[in-house]
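Dear colleague,

I am handing over the structure below, and after it I set out what was found. Please read the notes alongside the coordinates.

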Amino acid sequence: MQNLTILFVCGAGLGSSFAAQMATEDVLKAKGVNAKLDHTDISSAAAMNADIIITAENFRPQFAKFNISEKTTIVFLKNIVSKVEIEEKLSPVLQQKGLI
Amino acid sequence: MRTRTIELFKKFISVDYPLTIEMLSEEFQISARTIRNEINEMNVFLQNRQLPFISTIRRKGFILDATTDQKQSIHSALLRVAISPFLSKDERQFDLLLSIAFSACPTILTHKESIYFVSKSVLDEDIRKLKARLRKYDIELTSLPKQGMQFVGLERSIRLMMYEAINQFYGNLELDKPLHELSSIQQLLFNFIPHKLIQNLLKLAHQTISQIHDEIYVQQIVIFTAIWLIRNIHQHHLTMIRSDFNHTESDQITKFIDLVCRRMSLQANRQEQQYIIYMLEAFNTKDINNYVEWLNAQLLAIKLVNYVEEKTQIPFSTKQEQLYENLCKHLAGLIARVSNNIHIINPLLDSIKQNYGEIYLAIKNFVQGLETTLSHKVSDDEIAFLTIHFSTFASAINQDRSYYFKAVVLCDHGIATSNLLAETLKEFFNIDILAILGRNDLDLLEQLDFDLIFSTFPLQHTAHPVLVLEPILKEKNHPIITDFLAKHRANQRIVNHLADATDLFYSLVDLIQDSGGIVSAPIYNRLEQCLALNNLKINKRKIQPMLKDILTDEDIILQQHCRDWRQAITLAAEPLLTKHFILPSYIEAMINSVEQYGPYIVIGKHLALAHARPEDGVKQLGVSVVTMREPVDFCNPDMGPVKIIFCLAAIDSFSHLNIMRSLIELINDEQKLDQLIMCHSIQQFKAILFNELNKV
């Protein structure tokens, strides 16, 4: 499974989500995991069929309203640029998908 | 005239009532349109002989209204007409190829249409097939006014292509068979290559070449020589001048070609003579088992050169003929070695991989595609040998290419003097002046893309070589500049030979289509690649600026007091509003976004990144920052109250990449963040933010 896609989501889709993407890039690089990363705003997130969605805790109510595919795992972060938190929450997901 | 037309004629002669299109079409099994065409042609025939026409009677059909005597004379006229046979699909294609390659008259499609008697759409289909066949040889088919259809490609490839086509369409070459025993497709060949010429060549070959006993090879030699002769007679010569043929020439083949030239009174130049001798000799190479392998080596060499050129962007085709020559020989041997599992060791392998990695990798990729056809693995040693052929030419090409330097002139002697200095540099040296700057513009240097600095005053600058000059450049100082340029040869650039931007144009159209109107990171990367492939340079620093490139003094507001988070965001955005980088609607959008989704813009301890969407009112990429005397509550307990707000105005989702990088770096550096929050001076603030504390 080479083409894992991870989508980063925030309100505007270019500030916080972009920041989270960069932080995650470093985490993945350290783990040697290849993935396709992209960032977008919350209104387009549901349609993009990512394997994993990473977003901030405050978007939990919005995501509850969306009809997200069962295959997509959503990771909510308190601090979206914290590599520690990203690694802590992303590792089990990657393990579950058989990537590490 | 065709048999069908004559049969139709007979039908008209035999009846004295009108014939309808439907009747004819059913009887002759041809379309109504073809019948009309036939009738037109018949009428031309009748008109030329001043006989009555076939006319239409309304609602009844066509009739040939002639007397018995007149009908009799039509009949006898028809008996004298030569019947031209229908050509099959293969015959038409072979005829087209022969005609384009060997005919002295231009090959005009509308002519061919009437000769073959096929519709335009049938002929178009033939042409499509031909084009597909030619693609394998990198030959294109184009139609020029007056000259008709033409092959566009390397002459070398065209000859090979014709050689293969003749072998394929003609079948077993039995050139000494009498004409009437040949099939119709075989006869086509002799419409374009005179039968007598072939017989003469065969006779000469048998007289001179005794080293080849196999008659098949003699026939192949003759047909290839015929192709060479006719192409030469029609002034289709090899494109490149080759200077070194360092193989031993066979006496017999040389003598054969000599005799051929004399007999045909052909003044072939030395290059053409060496070419044909080399090609014919290759038929006899021990390494090659049959002409198929020989042909494969030739084609492979052409493809390999093209492939490596495309991958490395080194214009090998400028040395094509020489390189090609060496490669062909080498590839023939290589194919034989690989098929027989003979491994050779290349003692230079490691050094080749290291020094010519790019070429080596390109060849390796190409060869991997071959392994399935060869059904054997090609060793790295073999690839390294191939690389040597290319690397030799790569260095020769580098010397041939013209270079120039992009330079900046620093001068504080007034505009006229600076311009004069710049003009003199441009006139006498391969220097392109990017900018003329004064002593106060030095900080601009970092943002410019250049190679050298010429300055009229000494300066501390380590990123580029600097030469200090008198403002008025005297001729006796020219050697100083020449030496300086020679010393910094490594900084020079290749002259952009891009004259035709058609390919670039198409690549851009594709890109626009693929992007679907959204500028994303992959699109950015592809655009960069596309421009780089066309030797067009972009200033990446300007496209994706650093925080320090766009955060100016006016964008920094320190130690403010704010009532609430709304006021804080508005205040942070003010510098961008003043500069008209954003519209007031953008501020509203930033506030709305927090109201709607919560305080997620607080992305670090005490730090918020206020932003909204480009379409909410951004005119230009910008960043501003405000620090607060008293923390402002954004209702985000995880990050605490906010003491510093960056306001980001992004124009797309990618160009602010470097800015985001700096901000993340900052968030992860709490000590630096604290320093910034405490700071009271803009200069101090910048020094801390940009890690330039030592400069203050």
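How many bridges join strand 12 of chain B to strand 13 of chain B? Seven do, between residues 622-632 and residues 642-649, and the two strands run antiparallel; strands here are DSSP runs (E, at least two residues), as helices are (H or I, at least four), numbered from the N terminus. Val625(B) stands opposite Phe646(B) in strand 13 of chain B.

This is a predicted model, in which local features need pLDDT of at least 70 and side-chain atom pairs count only at pLDDT 80 or more, while totals for chains, interfaces and linings use all residues. Residues are numbered from 1 along each chain as its sequence is written, and chains are lettered from A and ligands numbered from 1 in the order in which they are written.

In chain B, four strands form an open sheet of mixed pairing, in the order 10-12-13-11, where two strands pair if DSSP finds at least two bridges between them. Strand 10 (556-560) and strand 11 (607-610) of chain B each have a single partner strand, so one side of each is left without a neighbour in the sheet.

Turning to the loop between strand 11 and strand 12 of chain B, Gln620(B) is found there. Gln620(B) is exposed because 12 other C-beta atoms lie within 10 Å (exposed is 12 or fewer, buried 20 or more, partly exposed in between, with C-beta atoms placed from the backbone). Gln620(B) lies 9.5 Å from Lys579(B), C-alpha to C-alpha, although the two are 41 residues apart in sequence.

Best regards
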